Every structure is written in C-alpha cells, then in structure tokens.
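Welcome! Here is a short briefing to read alongside the structure, arranged by topic so that you can look up each part as you go.

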Amino acid sequence: MSLAICATPIGNLDDVTLRVLDELRHADLVLCEDTRRTRILLERHGIAARLLSYHRHNEAARREEVLSRLRQGERVALVSDAGMPGVNDPGARLVAEAAAAAVEVTVLPGASAVETALVVSGVGAGRYQFVGYLPRRAAELRALAGELRAWPGAVVAFESPRRLPASLRVLAEELPERRAAVCRELTKRFEEVVRGPLDELASRFPEPPKGEITLVLGEPWRGGSPTDTAAARAAVVELVESGASRRTAADVVSRLTGLPRNELYRGSL
C-alpha cells in the first residue's frame, strides 16, 4: 500500500516528470480535483487510469474511503489541477492521516508556480515567503501588508484575476517602495510577466486580466550607500534637464539601479 503525491504541470502538459507518468500509469486509483482536467493530461501521455474526484468540497467525505483502500493494499496517486497537491490544494490532511496509519507516503516533485514565478520575476533572491491566496477583504490585505513590512525577503502569492486590480492598489498604498512582478499564465501560450513598482503595476492593470495570476513582491528596499543614491538622483536631474519628464527619468534610473522610483522622484525635486 502506498500514497504517491504527484506534481503535475502548471500549464504546459509536457512539464511532467517521467516518475509521475510512471506512477499514474501503475496506480490502482488516481485522486484528482477535476477528473476532466486530469483526463486531458493522461490522454496527452497515453495513460488509462481509474479516476476519483478529490477536492475541497468532498475531501472530508472521501478521506476515509481512500484510507480504507490504502489499508487494503491499493496503490493510490494524488494530483491537483496544477502543481503540488497539499500546497494551497487538498491533500495535506490525507497525507497526515495516511502517515499516522503507517501508509507509505512518497512525494514526486515537479512543476511549481511559486518557484517559477519567483525566478522569472527578477525581484526575488535568497529567502522568500509563500502566503497562498491574498485575502479577499481590503482590511485583511492591509493587515497582511503590515506583517510583510518586517519580512526581509521576497513574497509570493496567488491572486484571482478578478481581484488583482484592487489588490494591487491596496499593496501600492501599503508597500510603496516595493518592486513586484505580475506573472500571468505561466508556461502557457500567452504567458506574460509584468515587472515594476507596485504603483506602476496598479496602473497597468486597471481591469481584471485573463488567466491565472502569481504575484511576486520583491525584497524591501534598504537604501543604497549615500554616494550611490546621490548619483542616481543626479542622473534623474540630468535627464529632466535634457527634456525627459521627471516621472520618466525616475523610472529609467530606477530600472537601472534598483532604487525605488518614488524615492528618486522625490529626491530629485
């Protein structure tokens, strides 16, 4: 008896490991959030498997049935619609109870929207924190932003495209010096990564975009050396004197130096 936690592609169906394909091919039962989506993946790779829905609405009712099958010696694989089951998806309780019942639990790693977004964002390095989906209510999001001010690393979050414009506006107000990246439809045909200060991103997304969204907030700005900051401000002044608008000049120098655009704008007045 064994329970295999299988990471599946976050978009491109070819982003699946050979180990996962082999496990799905030999499993007695494959648990999945949406049988239709999982069947597309299996058909793409020529696999016929017995599927059973396992999602947040039926997880409690299904769990005992699955544990019973495991105790009887069945080989069960768990997948989510995308990425790693148990991370912001159903499965964590099943893993805990299977382990407590002395069932062998193995994890087959693979694609991750969190790490993919963190790398492609260009604003995350070293430590990072994953916070799942952002709170729906503005007050709760402001409270989370307050907690994140003290976090020294990057932050990765999922967000609904419908709520993205409002969330960006709140984050821009609460964390004005943060650079960020909106990563949309990762690994898919219309993948898009938009980088910049949070206030700029808020202006870039006045309306909800299409597709799945992963948001990365960069590390807090700790300030450069006085010499570097003074030189950057001087560069903004020179660009303004050459005819560029102050906003454009601050944006260009910010992109080149990594210093906050708002700080350069104010400091060059």
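The lining of the largest pocket is made up of 16 nonpolar, eight polar and ten charged residues. Please keep in mind that this is a predicted model.

**The largest pocket**

- The space inside the largest pocket comes to about 860 Å³.
- Its lining counts 34 residues, and those nearest the centre are Ala 82, Asn 88, Asp 89, Tyr 133 and Phe 158.
- Which elements each supply at least two residues of the lining? They are α5 (113-121), β6 (128-133), β7 (154-159) and β10 (213-217).

**The protein as a whole**

- You will find eleven helices and ten strands in the protein.
- Taken along the principal axes, the box filled by the C-alpha atoms is roughly 75 × 35 × 30 Å.
- The protein has 269 residues, and 46% of them are buried.
- Among contacts with a separation of 6 or more, 72% are between residues 24 or more positions apart.

**Strands that pair with β4**

- Strand β1 (residues 2-6) runs parallel to strand β4 (residues 75-78), and four bridges join the two.
- Within this pairing, Leu 3 has Val 76 of β4 as its bridge partner.
- Strand β2 (residues 29-32) also pairs with β4 in the parallel sense, over three bridges.
- Here Leu 31 has Leu 78 of β4 as its bridge partner.

**Strand β8 and its two partners**

- How many of the six residues of β8 are buried? Six of the six are, and the strand is mostly covered.
- Side chains in a regular strand alternate between the two faces of the sheet.
- In β8, Arg 179, Ala 181 and Cys 183 point one way, while Ala 180, Val 182 and Arg 184 point the other way, and all are buried.
- β8 pairs with β9 in the antiparallel sense over six bridges, and Val 182 stands opposite Val 194 in β9.
- β8 also runs antiparallel to β10, to which five bridges join it, and Ala 181 stands opposite Val 216 in β10.

**Thr 214, a residue of β10**

- Thr 214 has its place in strand β10.
- Thr 214 counts as buried because its relative accessibility is 6%, and buried means under 20%.
- Setting aside residues within four places in sequence, its contacts include Ala 181, Val 182 and Cys 183, along with Phe 158.
- Further contacts of Thr 214 include Ala 113, Ala 117, Val 156, Ala 157 and Leu 186.

- Ser 254 belongs to helix α10 (residues 246-257).
- Is Ser 254 buried or exposed? Ser 254 is buried, because its relative accessible area is 1%.
- The side chains of Ser 254 and Arg 179 are joined by a polar contact of 3.3 Å.
- Leaving out neighbours within four places in sequence, Ser 254 is in contact with Arg 179, Leu 259, Pro 260, Arg 261 and Leu 264.
- Between Ser 254 and Glu 191 there are 63 residues of separation in sequence and 25 Å in space, C-alpha to C-alpha.
- Ser 167 sits in helix α7 (residues 164-174) and counts as buried at 5% relative accessibility.
- A polar contact of 2.6 Å links the side chains of Ser 167 and Glu 159.
- Not counting residues up to four places away in sequence, Ser 167 touches Leu 134, Leu 141 and Glu 159.

**Two loop residues with positive phi**

- Ala 102 has a phi near 65 degrees, a positive value in a residue other than glycine.
- Look for Ala 102 in the loop between α4 (92-100) and β5 (104-108).
- Ala 102 counts as exposed because its relative accessibility is 61%, and exposed means over 50%.
- Thr 187, a residue other than glycine, also has a positive phi, near 70 degrees.
- Thr 187 lies in the loop between β8 (179-184) and β9 (192-197).
- With a relative accessible area of 23%, Thr 187 is partly exposed.

Conventions
Residues are numbered from 1 along each chain as its sequence is written. This is a predicted model: local features need pLDDT of at least 70, side-chain atom pairs count only at pLDDT 80 or more; totals for chains, interfaces and linings use all residues. Side-chain values use heavy atoms; hydrogens and water are left out. Buried means under 20% relative accessible area, exposed over 50%, partly exposed in between (1.4 Å probe, protein chains only). Contact means heavy atoms within 4.5 Å. A polar contact is a pair of N or O atoms within 3.5 Å; within protein, one must be able to donate a hydrogen and the other to accept it, and residues adjacent in sequence count only if both atoms are side-chain atoms. On a 1 Å grid over the protein atoms alone, a cavity is a set of points where a 1.4 Å probe fits but cannot get out, and a pocket is an open set with protein on both sides within 12 Å along at least five of seven lines; lining residues have an atom within 4 Å of a point. Grid points are joined across faces, edges and corners, and a volume is the space filled by probe spheres set on the points. Ala, Val, Leu, Ile, Met, Phe, Trp, Tyr, Cys and Pro count as nonpolar, Asp, Glu, Lys and Arg as charged, and the others, Gly among them, as polar. Two strands pair if DSSP finds at least two bridges between them.
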